[in-house]
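Here is a friendly tour of one structure, with the sequence and model laid out for you to follow along.

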Amino acid sequence: MDLYTSSLRLSRTFPLDGRPLALDAHAMIGDGSTCALVGVDGTIDWLCLPHFDSPSVFGAILDAERGGHCRIAPVQDGGSSQQAYDDDTNVVQTLFHREGAGTAVLTDFMPWTMDRQASLSEVHRMIEVRDGSLEISIVFDPRFDYARGATQVEVTEHGAIAIGPQGERLSISITPGAHFEPRAAGGVEARFPLRSGRRVWAVLAWGAKRPEPTARHRPFEYLRRTRRHWRRWASRLRYDGPWRHDVLRSALTLKMLQYAPTGAMVAAPTTSLPVSADGSRNWDYRFSWIRDSAMAIRAMNLIGYGTEALEFFHFVRDCVNRRNTLDLMVSIEGQDTAGETILDHLAGHSGSGNVRVGNAAASQVQHDITGPLLDAAWVYESSGGVISLRLWQEIRHLVNRAVETCHEPDHGIWEPRCEPRHHVHSKLMNWVALDRALRLAPLFGGDREQAQWLRTRDALRDEILDRGYDASLGSFVESYDHRGVDAALLAAALYGFLPPDDPRLTGTIDRVVAELGEGPFLRRYRIDDGIDADEGCFVLCGFWLAEALALSGRLDSALEVMQTHVGAANHVGLLAEEIAAGSQTALGNFPQAFSHLGLIQAAARLDLALRIRDEGSGNAPLHPLEPAG
């Protein structure tokens, strides 16, 4: 052990038998501009450069033959691996064990420069043999632009350079003593023996003219600096409850999903990872949904990360100022998202097909955006932050827009590809927008619209109770004039629409569990959403359920649901979008911001509920930063 390596907290062991990796058999590294997935076999099989929404350079997770990858691992057949994050960082280490041969550790990270406007766009990889002697293989096989054009790879003195059809360039520099040779399958490979105590660096650099000696990249120094950055950032965590490790990992994950130059946050760093075998529900999540991002920022703020909240609010301010509206989805630069295109030449993950770039949901009508944003702003102020007058002026326009549209139908939070409805969740979020606006307005001396906001809020509440609640069912319903149930109705409990023990809320919780539950997991809904394919259980909905159960006084049940969903994380604590209830197979884009924000909020709520139960604290709310209902 030395200054540049660390101990590993290892759990699951993966056999390396040549079979394709499961979706969640990966860790993630990032630099504030993009992220890479690192498989337990040492393969980077997903990386878009230089930004989240750029075309992929390595896309083998979507097509093992055509997608492209970079792999570093021992050559010997068989053996096993384990993988873990270095403590309190986003530096990942993969340990390879070959029986009778030796053990090696691969360290992967993307340097964090502290410059919000520019990342290095580099991946640093180091493999070190801990004991024995192993033959090491480094494969470098990029396929630019989602493998839509030919990539030329040239071997040079210090590594290799890949050049794409549009002039894209990605170099790999390797430690002297290793040399690349062309591969029949494409790209190049270097093989070399490595004995105990020796290490080799490989540095991938976007846009480089040629590979430079690895020493010039100063990888040791960047490893030290990157570890130090993440540990300083992690030290800001203001949560000491029973799920501290899981909460910190979720926070570190959400931080990687936030685009540093603007403050935007992507829903996930991937596209088209399937929730159904036929790929009908494959979507591109590399954009910023304002609602989803606001919910993530709210969760981050609850545990001490107010800076990230402020950066996101600035992004929203600039988007509204530039576009004169609040779109449901924008690019990480605050521009229009790309139109939805299917890349037919890629097989898709596990042969699912339907690899999509862009997202047609951008054209939908969704009226539930402003509520989460106003709620996040209120939580930010309640925790000691200060919203600027300029931002408040933009928010006022959004609230007034919500007044105008709150009685119109929309597509709702789940984005079904069918006709708009009067979704009760959307109505609830409009109520939240008005309620939080009324709380924030006095901080700025009041506003002339307050009387109208108050009338609209109270009228909307009456309307929801009249048209969104079915007394014969004893629960709220998915939409006006439809009797279906939707897991998003749990929001009525979480945002203080009614007292938590109100029978209309407890009845809704019971019906959600009865009709959408699969064991401790929840589906989003069971309605016809215009897509002819099944899906799994939605991880975020399970965390919502844990919160709602805690609020209604059913803490033991809440803890059971919480533990099951925390346990749904993979070996390094990352959560996918959905999960198959029976096999507990991860489904959908990975890792998913929704799932991680849900974990954080549920952990905060349940931690306080446990303290109230065990120690008592009068009439305290179930979170000290939670706005009163």
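## Arg125 and its partners

The side chains of Arg125 and Asp108 are joined by a polar contact of 2.4 Å (N or O atoms within 3.5 Å; within protein, one must be able to donate a hydrogen and the other to accept it, and residues adjacent in sequence count only if both atoms are side-chain atoms). A polar atom of the Arg125 side chain also lies 2.8 Å from the backbone oxygen of Gly42. Arg125 sits in strand 10 (residues 122–141); strands are DSSP runs of E with at least two residues, helices runs of H or I with at least four, numbered from the N terminus.

Is Arg125 buried or exposed? Arg125 counts as buried because its relative accessibility is 0%, where buried means under 20% relative accessible area (1.4 Å probe, protein chains only).

## How to read the values

This is a predicted model: local features need pLDDT of at least 70, side-chain atom pairs count only at pLDDT 80 or more, and totals for chains, interfaces and linings use all residues. Residues are numbered from 1 along each chain as its sequence is written, and side-chain values use heavy atoms, with hydrogens and water left out.

Trp243 touches residues including Leu559, Met562 and Leu610, contact meaning heavy atoms within 4.5 Å.

Conventions
Buried means under 20% relative accessible area, exposed over 50%, partly exposed in between (1.4 Å probe, protein chains only). Lists of a residue's contacts leave out its neighbours within four places in sequence.
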